[in-house]
Amino acid sequence: MKTFLIVPALALVLAASCQNHSAENSAMSIAPQMAKDEKAEDVSLQHLADTTAAANATVADAPPGGEQQPSPQQPQKQAAPASAPPRVDWNKKIIKNASLELEVKDFGVFNNQVNTIAVKYGGYIAEEHLESTDYKKQSRITIRVPVDMFDAAVVDLGSNAQKVLAKNITSKDVTGEVVDTRSRLESGKMARLRYLELLKQAKNMEEVFLVQKEIDNIQADIEAAAGRVNYLNHSAAYSTIELTCFQILNPDLQRDKEREPSFGDRVFDALGAGFKWVGDLVVVLLTLWPLWIIVGATLYGVKRYVRRQRIKMPAGAEVPKV
């Protein structure tokens, strides 16, 4: 009986001792990990305290007005430049024209300057008309210059003149017309290719003639569209300057024309106008000389006929009146 009681007691004692040993081992393994976690937490708290102190110092050193100065330890971050909007090339076609009326001091010198300016800006003189009277010498010149040199050429021409009497500049955007004409040109080419395929499939001469007629019409439209596109491109590439320049040679002639005529001058002018009218009337009458010959010959023939009738008529007969 005692032996039976001692064996369970020994088993309980061994179990308790084993449990205490395992608890001690677990405590020994957990202790270093806890120490490490506590150390990491202390480091984190210390870093947070340092960061807070640095932030407070930065706020305290900040100038009034809310402007912030960059920290000497941290390099200043440059703001990224705003990206410029992409440049869209719409291939603009703009026709520019200008008309200038200039009074010059020396007509010959200015005419040479016009030729020099045209060559200077890459242009050329398209037309030139010269008129000369006792009162003034005048020239009408058409200049063609590249569109990017248009404004500079106009300014240069005006700066070399004595006086700018008139200046007019116009612009016309033909971009839409160019795009539309090119679209019709491409459509015409595609249609021509389709008709050429149909021409290969023609079975008789009648079909050949019909298809060839349509091809000829399409080809005419293609050539007209191509010519229009070339004209618009050239007009947009080269601007036109219509220049009228003149030099007054004898200002007294113009003053005499503008002066009010006196009574005597008006009388002499009236007499001269009357003599001129009489002279014009004589000239008109002389111009109609064939008519006068016909009328004279007709009257002569009628009178002769009447005279013969009088001779043939018996005495007492009534003579017809003419």
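Predicted model: local features only at pLDDT ≥ 70, side-chain atom pairs only at ≥ 80, totals over all residues.
Starting with the overall layout, the protein chain is built from 8 helices and 5 strands. Going along the sequence, these elements come in the order α-β-α-β-β-α-β-α-α-β-α-α-α. The protein chain runs to 322 residues, and buried residues account for 17% of them.

Next come helix 4 and helix 5. Helix 4 covers residues 175–200 and helix 5 covers residues 205–237. Their axes come within 9 Å and cross at roughly 155°. Angles over 145 degrees count as roughly antiparallel, so helix 4 and helix 5 are roughly antiparallel to each other. As for handedness, the crossing of the two helices is left-handed. What sort of residues make up the contact of helix 4 with helix 5? Sorted by type, there are 16 nonpolar residues in this contact, along with 5 polar and 6 charged ones.

With a relative accessible area of 32%, arginine 228 is partly exposed.

Turning to the aromatic side chains, searching the whole structure turns up 1 aromatic pair. The partners are tyrosine 124 and tyrosine 238, with ring centres 5.9 Å apart and planes at 55°. Planes under 30 degrees apart would count as stacked and those over 60 as edge-to-face, so this pair is tilted. Where in the fold do tyrosine 124 and tyrosine 238 lie? Tyrosine 124 belongs to strand 2 (residues 124–132), while tyrosine 238 belongs to strand 5 (residues 238–248). The pair therefore ties together parts of the chain that are 114 residues apart in sequence. And are these tyrosines buried, exposed or something in between? Tyrosine 124 has 35% relative accessibility and counts as partly exposed. Tyrosine 238 is also partly exposed, at a relative accessible area of 25%. Both values fall between the cut-offs of 20% for buried and 50% for exposed.

There is also a contact between a charge and a ring. The charged end of lysine 136 sits over the ring of phenylalanine 246, at 4.9 Å from the ring centre.

How values were computed: Residues numbered from 1 in each chain as written. Heavy atoms only, no water. Phe/Tyr/Trp six-rings, centres within 6.5 Å; stacked < 30°, edge-to-face > 60°. Helix = DSSP H or I, 4+ residues; strand = E, 2+ residues; numbered from the N terminus. Buried < 20%, exposed > 50% of the residue type's maximum accessible area, 1.4 Å probe, protein only. Lys NZ or Arg CZ within 6 Å of the ring centre and 35° of its normal. Axes fitted to C-alpha atoms, helices over the stretch in contact; angles between N-to-C directions. Parallel < 35°, antiparallel > 145°, perpendicular 65-115°, else oblique. Left-handed = near helix turned anticlockwise from the far one by under 90°. Nonpolar A, V, L, I, M, F, W, Y, C, P; charged D, E, K, R; others polar.
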